[in-house]
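Hi,

Here's the structure I promised to pass on.

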Amino acid sequence: MRILLTGAAGFIGSHLTGKFLARGHSVIAADNLSTGREVNLAGFRGQPGFTFIQHDVVEPIDISGELDWVMHFASPASPPKYLSLSLQTLRVNSEGTYQLLELARRKRARFFMASTSEIYGNPLEHPQAESYWGNVNAVGPRSIYDEGKRYAETITMAYHCAYQLSVRIIRIFNTYGPRLDPKDGRVVTNLIMQALMGRELTIYGDGSQTRSFQYIDDLVVGIFKLMGVEYPGPVNLGNPEEFTMLELAGLVKELTGSDAPIVYRPLPQDDPKQRRPDISKAQSLLGWNPTVSVRDGLSRTIEHFRREL
């Protein structure tokens, strides 16, 4: 296949790039490098089938030749990044999604939209199934990401209905693993880097809020499985194993051997109290289940960051 992958220099995009190339596919890797890192793609340069273009997808894009897939994974994803790039985040998920849908329509390619569990906001239902409409503060600080992704899902479905475009939508729950930016501000990277550097481990609020963490390899498998199924509706991809932030910090301390103390900071506005995916649809539709435990995944990620340091 010949695939245009946006956000290719990011954490998830770079792992997808590697898997596609390993299977003999051609990848046109597009990224404006606002949050993506060139080092994530360094190992692919010169490989057959790999092309990199530096491009901001809010601008019109044209690719010569045929395309089998347009896969949209471009967007800041961690709260510190999308809060500092607020307008860029809104634009890449609105104008950028439109430009890429237009490209897919012209090329008669299939379209793959990377959405997020953040569309559920601070959920009033637990766990969250795809049928849940969410609880999002449309004018709160996190809305630039939450509402941007909600719009991206909406316009994707509109193109499916108006043009019979073959589309896929995934709602990605917290994902971690090698190639995460050590400075991106996500809870897993924060805690690991603080532990490895002997600094205090930061917990926001009282640490009772929960998240579910999936290892990158499990997510990639789910993406590949969904590519092979003609299903336009959103599909949750996440690990339903749920941890409080205090439990996660304790596990990171254990695996790193850190004796650094935990410090508490005020909880950011609109921070979700709990988050856990209902993956029944992925199980029945794709035969997919996460296989990497949080303990094993964290151990691999910690070793990666040790090497980076």
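Aspartate 62 pairs with arginine 106 in a salt bridge, with the closest N and O atoms 3.9 Å apart. (A salt bridge here is a side-chain nitrogen of Lys or Arg within 4 Å of a carboxyl oxygen of Asp or Glu.) Aspartate 62 sits in the loop between β3 (50–54) and β4 (69–72) and arginine 106 in helix α4 (residues 95–107), so the pair ties together parts 44 residues apart in sequence. Helices (H or I, at least four residues) and strands (E, at least two) are DSSP runs, numbered from the N terminus.

Before I go on: this is a predicted model, where local features need pLDDT of at least 70 and side-chain atom pairs count only at pLDDT 80 or more, while totals for chains, interfaces and linings use all residues. Residues are numbered from 1 along each chain as its sequence is written, and side-chain values use heavy atoms, leaving out hydrogens and water.

Aspartate 62 is exposed, at 59% relative accessibility, and arginine 106 partly exposed at 44%. The cut-offs for relative accessible area are under 20% for buried, over 50% for exposed and in between for partly exposed (1.4 Å probe, protein chains only).

Now for some buried pairs. Glutamate 118 and arginine 275 form a salt bridge at 3.2 Å between the closest N and O atoms, and both residues are buried. Aspartate 271 and arginine 142 form another, at 3.4 Å; these two are buried as well. Glu118, Arg142, Arg211, Asp271 and Arg275 are linked in a salt-bridge network.

The count comes to 18 salt bridges.

Cheers
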